[in-house]
Amino acid sequence: MGRDVIIACDFDSKEQTLDFLDKLGDHKPYVKIGMELYYAEGPSIVKALKERGYKIFLDLKLHDIPNTVKKAMKVLSNLDVDMCNLHAAGTCKMMEAALEGLTREDGSRPLLIAVTQLTSTTQERMEADMLIYEPMEKVVSHYASNAKNSGLDGVVCSPLESGRVHEVCGEGFLTVTPGVRFADDDKGDQARVTTPAKAKELGSDYIVVGRSITAAADPKAAYERCIAEFVG
Ligand code: C5P
């Protein structure tokens, strides 16, 4: 599978999202619909973007008891997105149930990936707030092997952990990595960040880029810069 850039469309309306996507000219990028946009517009935003030919990563990060997640995934499966996700912290049982719910009668399903530790979480916060004292890289690669053993396709992690995840889970196991900033950008609330070029060097399969593109003065140029650094 080739590398690609996924744009995080963190907007609160369909109108704003389409206005933004129109600024990208002829590009039909992989787009991420997160909680803000999905909760504002509901499933119709998925249909609208699919009809316009965008590939879709539905980033709703499910985390609940296995039966609830299984049933929710069954509903999401009908939206026919390309990729969706959950929290690996929900346990292997939850991930296995999710996969079952997501798989359609004909055996097809969207890609399913697991969030390991959010890229906004630091080692310090993980220890103080979650009482997890192992090094971040070990926690992320352990969650990744749980995801792999549960039959999932990959994980969301920081680009800084992509290499280790591939070592533990194999090159074919996908690493989808937010926490990407251009060298001259502000980090915002992200803690574990790198540039698109560095993410490529570290072996990420997909980078998820939000504000560095959506808040840029020229989003088309920012997207093209990401593609040039990460894919080209
Ligand atoms: O604007 P920015 O580039 O920081 O956006 C990153 C996107 O990736 C956001 O939509 C955020 O919800 C998402 N994300 C993340 N860290 C994760 C999983 C998803 O930042 N571990």
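Biologist: In this predicted model, at what angle do helix H1 and helix H3 pack, and what does that make H1 relative to H3?
Modeller: Helix H1 covers residues 14-22 and helix H3 covers residues 44-51. Their axes lie 11 Å apart and the packing angle is about 20°. Angles under 35 degrees count as roughly parallel. H1 is therefore, relative to H3, roughly parallel.

Biologist: How do the residues of the contact of H1 with H3 divide into nonpolar, polar and charged?
Modeller: From H1 come Lys14, Thr17, Leu18 and Leu21, which meet Ile45, Ala48 and Leu49 in H3. The division is five nonpolar, one polar and one charged.

Biologist: How far apart are the axes of helix H4 and helix H5?
Modeller: H4 spans residues 66-77 and H5 spans residues 92-102. They pack at an angle of about 30°, and the two helices are therefore roughly parallel to each other. The distance between their axes is 7 Å.

Biologist: Which residues of H5 make the contact with H4?
Modeller: The H4 side consists of Pro66, Val69, Lys70, Met73, Lys74 and Ser77. Over both helices, the contact residues divide into seven nonpolar, two polar and four charged. The H5 side consists of Lys93, Met94, Ala97, Ala98, Glu100, Gly101 and Leu102.

Biologist: How many charged residues are in the contact of H7 with H8?
Modeller: Glu137, Val140, Ser141, Ala144, Ser145 and Lys148 in H7 meet Arg164, Val165, Val168 and Cys169 in H8. Of these contact residues, five are nonpolar and two polar, and the number charged is three.

Biologist: Which element gives the most to the lining of the largest pocket?
Modeller: The largest pocket has a volume of about 550 Å³. Among its 26 lining residues, the closest to its centre are Asp10, Lys32, Lys61, Pro178 and Gln190. Helix H2 (35-41), strand S3 (55-62) and helix H10 (211-214) each give two or more residues to the lining. With three residues, the element that gives the most is S3.

Conventions
Residues numbered from 1 in each chain as written. Predicted model: local features only at pLDDT ≥ 70, side-chain atom pairs only at ≥ 80, totals over all residues. Heavy atoms only, no water. Contact = heavy atoms within 4.5 Å. Helix = DSSP H or I, 4+ residues; strand = E, 2+ residues; numbered from the N terminus. Nonpolar A, V, L, I, M, F, W, Y, C, P; charged D, E, K, R; others polar. 1 Å grid on protein atoms, 1.4 Å probe; cavity = no way out; pocket = protein on both sides within 12 Å on 5 of 7 lines; lining within 4 Å. Points joined across faces, edges and corners; volume = space filled by probe spheres on them. Axes fitted to C-alpha atoms, helices over the stretch in contact; angles between N-to-C directions. Parallel < 35°, antiparallel > 145°, perpendicular 65-115°, else oblique.
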